[in-house]
Amino acid sequence: MAATTASPKSKAAATRYAQVKGILAAAAAGAQADYGNGQVAFWDLPYADLLTFKLFGVRLIADVAPPSCCASEAKPWCRSDASGLIRGLRAEAPFDGTRFPRLPWNGKPVAQEDIQFIAAWIDDGCPEDDRINTVELAPDGDPAIIQHVFAREIAEFEAISGVGRRKGYRQGELRQRPNLDCMSDTEVDQYRSAFRAIYALDKFPEDRRSYNNQALIHQNHCQHGWERFLPWHRAYLYEFEQNLQDFFPDLALPYWDWTMSQYWHNGTPQDGCVIPASFKAYLTLPAAEKLIDQLGLGKQSKQGKAFLDLAKEHKRFTSQHDFFCYVINTIGFTDVTPAPADRNRRCMIDALVDSNALWYPLRYPAEYQNSAGQSGTINQVIHYHYPSPNDMAQITGLNNFRDFGGGNAYNAAFGFLDQNPHNTMHIWTGGMNPDQGKSAYACGMSALTATAAAGDAGELGERRNAMVRASGRAFHTREDMYLQPAFGDMFSNLTASYDPVFWPIHVNVDRLWWEWQKRNPNNEPADLDSVLSPWSYTIRDTLNAERFGYEYVRSSFFIPVGMETPVGRFISKPITVNAGVKAFTKAELRLHWVPQLARSCFIRVFLNQPGADASTPIHDNPHYAGYLAVFGHGACYGGPGHCDLPPSRARDFDVRPRNHNTPRNHRIDVSACARELLKKSDSLQITLLVIGVDYREETDLLRMEGVSLNFLD
């Protein structure tokens, strides 16, 4: 149907569910009737109750599945025809006066057009909120030719941006670990909420789910400097991710790709973003309002308004030093010192911690001081350098596990991935506290030529031998967060896991190993049966990341469809692709959970060509992205129930091979087409055409749960 040339006129703007209730209510016209158990108007029942409501034993809305897709009836099974509601509105048995009168009782008959509308709603799966209306179309703009269709036939399906908002994963479907910088605000907020949930358990020291107990595993068992480094941390990430999924089942750990241009910054990473924005310090409006009261400023004062503006702007700070210097120099609030006992400093740290659960006070990214207390870059002070894209290319190009991941017990050696970038990123994010031992904040001292703050010379000699302390600390208490240590906790493997930034760094290390494994499938560590304490996993158990239920994507856009009704021509709404996502290595379109199709067909994919049809050329067409071929099931040869869709999860103790009609996923590589189109556009629009063996378009064949567009590194 050439919907683009039609002139649609909507029948109503409400959801079809609301329209169905309105039709029944109008027909009843206030008439009183007992529909069982004193129910006056069954259509006003809660949605879930309406779907299963029985009127004196008659199911008003039939179950989703027919008695059998293989039943040899003259007329194919139809859900609406099997529904007591439709039979009642049509005055068919048992609502023909033999047992019950026509529906609605004591009301006026419902028009045939409205009965058909309700029947179509039932056949489409009784959607609760679809905003799908009956539309009058005048094809080719000719008002003399009117066609009545449902808007779903011409609707553009809307994508759900971000993997974290995907709901209802099926058994056997991998969770997607996304790029941290490609996550939506909603996804990051969920990630923060998960951390808050396990922080709250720290007051129960014996609860293994608490954050401190999870971090303690790394403190006591971490493996570095040999072949168990990568397998052990893969198991550790999995255990931690499962812990978070106890609270947020659809959550997956994101990774931080530190070689992205905003971090590498053309070789001057100290001038770039330094760490992801989601891990920086900022104030929320409630936290700022509370802070103003604690500081005794008043919301109408100049400084009070400045704090409120800071929260409204959502301004972010890499470290607490940056924040306090802004407070002193820009807001003009000077009644604060670096002393751990300083009340105003404590109030501000409380406000920052309460605002962002991913910010950690004992973290000083990219901040370094030499033995004289002078500030400089990581290269100048400790002669390390930030891992460059060239470094990563060399490391991932190694062809043996000893060099890449580390040597074994009888050939002990650090792997290059373990040393740099892993060790360097710990030191980069941990940093050196510029305010340790100071009596006042020394702001604006960014060069090695700067001198130490007056009165602090006696502390300088001790800095050379300073180290991170773990003993005697009550981690994640506010008293611990008020301290002024010489180094951030990421600077030591005994304390690193207490800083939330530990996780996206290690997830990226795991991602790099997984990518390397796919290029070097036969390159494995030695001693595969060695057990990784404190768990029972062996090295062999960790070799396949997909076994742990996850995959890595830069970004993903999921478009729900639903298997209740066939999809004719599928057209998505334009999907915005930002600059960070455009650096993808591979773009992949996926059709999720497609059951066995009755007939063989081709499914063609076009990008940014919503008007494509069966006659649209595929050769020399820059919008044609690819196709897949589906081998049809054919006519069923079994008895009743043979071809019913199986449940999404097998029954307990059902260990038979999976059902022949189990829905499956299809994948199409659309990288080349997407990459070319994104050179001139910031969005992609997906069109799927189902082409039959006669090369004509099929409109009643394809069923699927959804479509996704995935960008991979």
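In which loop is Thr662 found? In this predicted model, Thr662 belongs to the loop that joins strand 16 (624-630) and strand 17 (664-669). Its relative accessibility is 16%, and because the limit for a buried residue is under 20%, Thr662 counts as buried. The side chain of Thr662 also reaches the backbone oxygen of Asn659, at 2.8 Å.

The description now turns to the helices. Two packed helices are described by the angle between their axes and the distance between the axes. For helix 1 (residues 16-28) and helix 5 (residues 112-123), the axes come within 10 Å and cross at roughly 140 degrees. On the side of helix 1, the contact is formed by Arg16, Tyr17, Gln19, Val20, Ile23 and Leu24, which meet Asp114, Phe117, Ile118, Ala120 and Trp121 of helix 5. By residue class, the contact of helix 1 with helix 5 comprises 8 nonpolar, 1 polar and 2 charged residues.

A second pair is formed by helix 17 (residues 416-430) and helix 20 (residues 502-519), whose axes are 11 Å apart and which pack at an angle of about 165 degrees. Helix 17 and helix 20 are therefore roughly antiparallel to each other, and helix 17 passes helix 20 in a right-handed crossing. From helix 17, the residues Leu417, His422, Met425, His426 and Thr429 meet Phe502, Ile505, His506, Val509 and Leu512 in helix 20. The residues of this contact divide into 6 nonpolar, 4 polar and no charged.

Local backbone geometry is the next topic. Most residues other than glycine have a negative phi, and most peptide bonds are trans. The loop between helix 4 (84-89) and helix 5 holds Pro94, and the peptide bond from Ala93 to Pro94 is cis, with omega near 5 degrees.

Ala31 itself is placed in the loop between helix 1 and helix 2 (47-52). Pro104 is 73 residues from Ala31 in sequence, yet the C-alpha atoms of the two are 8.8 Å apart in space. With a relative accessibility of 22%, Ala31 counts as partly exposed, because the category of buried residues ends under 20%.

A further positive phi, near 55 degrees, occurs at Asn266, again a residue other than glycine. Asn266 is situated in the loop between helix 9 (261-264) and helix 10 (285-295). Its relative accessibility of 78% means that Asn266 counts as exposed.

Technical notes: Residues numbered from 1 in each chain as written. Predicted model: local features only at pLDDT ≥ 70, side-chain atom pairs only at ≥ 80, totals over all residues. Heavy atoms only, no water. Axes fitted to C-alpha atoms, helices over the stretch in contact; angles between N-to-C directions. Helix = DSSP H or I, 4+ residues; strand = E, 2+ residues; numbered from the N terminus. Contact = heavy atoms within 4.5 Å. Nonpolar A, V, L, I, M, F, W, Y, C, P; charged D, E, K, R; others polar. Buried < 20%, exposed > 50% of the residue type's maximum accessible area, 1.4 Å probe, protein only. Polar contact = N/O pair within 3.5 Å; in protein donor to acceptor, adjacent residues only side chain to side chain. Parallel < 35°, antiparallel > 145°, perpendicular 65-115°, else oblique. Left-handed = near helix turned anticlockwise from the far one by under 90°.
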